[in-house]
Amino acid sequence: ASGKAMWYINPKDGEKYTADAEVNGRPVTYSRNKANETIIGSAEPKAYGGINSSLSWKNLTLDLGFTYSLGGQTYDALEVYNADDGLYRVYMQTKYYYDNRWTPEHTDALYPIRVYDAVTAKGYQSRKLHPGDYLRLKNASLSYNLPKGALSKANISNMRVFATGTNVFTWSAFGLYDPERNIYGTTSWAVPQCKTYTVGVELTF
């Protein structure tokens, strides 16, 4: 293997073509201009939604809120920069793309060899399409109501101690960016959602 970028030719019915190689039983070319564009994948998930639960035991209460999406794909438009194959020399590749690029010692890589001024990363490509499945613990809250007998001397009718968190945990099939993408199924310079934690005391007199 040479490490060159390759495109599936996607020949139309009856179309004559010359392949440079064959991958997964399909003809491929080293020239993007010799490949036909075709529609693959979908941004639409097969299922999505949320799951909420509330558990109580004595004075303790635990509330959990999950969101999820199954199926559907995300197109990473930012890859033209952070997986540029060597075109944008002023940009830094992410560690994921750097570790998965082709080298003579890593011939089964996901991404082609880096070449000075390469233009192979430009344009729409299936390598920029990633699974959009994810499960996120969106909200979590743990609270404790102190026994009223312990508060009566202080003229406090209720005291609730609580800790809450948002975006506490996320599992995604492709973990390089925030999986909650826009309705078009694309991501680029989007700022990931922040984790937040809050601890507090609620008093009722």
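Predicted model: local features only at pLDDT ≥ 70, side-chain atom pairs only at ≥ 80, totals over all residues.

Trainee: Are Asp 178 and Arg 136 buried or exposed?

Mentor: Both Asp 178 and Arg 136 are buried. For Arg 136 the assignment follows from the cut-off: buried means under 20% relative accessible area, and Arg 136 has 4%.

Trainee: With which other residue does Arg 136 form a salt bridge?

Mentor: Arg 136 also forms a salt bridge with Glu 180, the closest N and O atoms being 2.6 Å apart. Because Arg 136 belongs to strand β8 and Glu 180 to the loop between β9 and β10, the pair ties together parts that are 44 residues apart in sequence. Glu 180 counts as partly exposed, at 29% relative accessibility. A network of salt bridges links Arg 136, Lys 138, Asp 178 and Glu 180.

Trainee: Which strands does the salt bridge between Arg 160 and Glu 202 connect?

Mentor: In that pair, the closest N and O atoms of Arg 160 and Glu 202 are 3.8 Å apart. Arg 160 lies in strand β9 and Glu 202 in strand β11, so parts 42 residues apart in sequence are tied together. Arg 160 counts as partly exposed at 22% relative accessibility, and Glu 202 counts as partly exposed at 39%.

Trainee: Which residues make up the largest nonpolar core?

Mentor: In soluble globular proteins, nonpolar side chains tend to be buried together. In this model the largest nonpolar core has five residues, namely Ala 83, Tyr 97, Tyr 111, Phe 174 and Tyr 177. The residues that Tyr 111 touches include Tyr 97, Trp 102, Arg 127 and His 130.

Trainee: Which residues form a nonpolar patch on the surface?

Mentor: The patch consists of Trp 57, Leu 60, Leu 142, Tyr 144, Val 161, Val 201, Leu 203 and Phe 205, which together have about 800 Å² of accessible area. Strands β8 (134-145) and β11 (196-204) each supply at least two residues of this patch. Leu 60 lies in strand β5 (residues 60-70) and counts as partly exposed, at 32% relative accessibility.

Trainee: Where is Asp 76, and what does Asp 76 touch?

Mentor: Asp 76 is located in strand β6 (residues 73-76). Its relative accessible area is 4%, so Asp 76 is buried.

Trainee: Finally, which strands pair with β3?

Mentor: Strand β1 (residues 7-8) pairs with β3 (residues 26-29) in the antiparallel sense over two bridges, and Tyr 8 stands opposite Val 28. Strand β2 (residues 21-23) also runs antiparallel to β3, joined by three bridges, and Val 23 has Arg 26 as its bridge partner. β2 and β3 form a hairpin with two residues between them, where Asn 24 in the turn has a positive phi of about 55°.

Note on methods
Residues numbered from 1 in each chain as written. Heavy atoms only, no water. Patch = residues over 30% accessible without salt bridge, like charges linked within 9 Å, V, L, I, M, F, W, Y side chains within 5 Å. Areas by Shrake-Rupley, 256 points an atom, 1.4 Å probe, with all protein chains shown as cover. Salt bridge = Lys/Arg side-chain N within 4 Å of Asp/Glu carboxyl O. Helix = DSSP H or I, 4+ residues; strand = E, 2+ residues; numbered from the N terminus. Buried < 20%, exposed > 50% of the residue type's maximum accessible area, 1.4 Å probe, protein only. Core = buried A, V, L, I, M, F, W, Y, C linked by side-chain atoms within 4.5 Å. Contact = heavy atoms within 4.5 Å. Pairing = 2+ DSSP bridges. Lists of a residue's contacts leave out its neighbours within four places in sequence.
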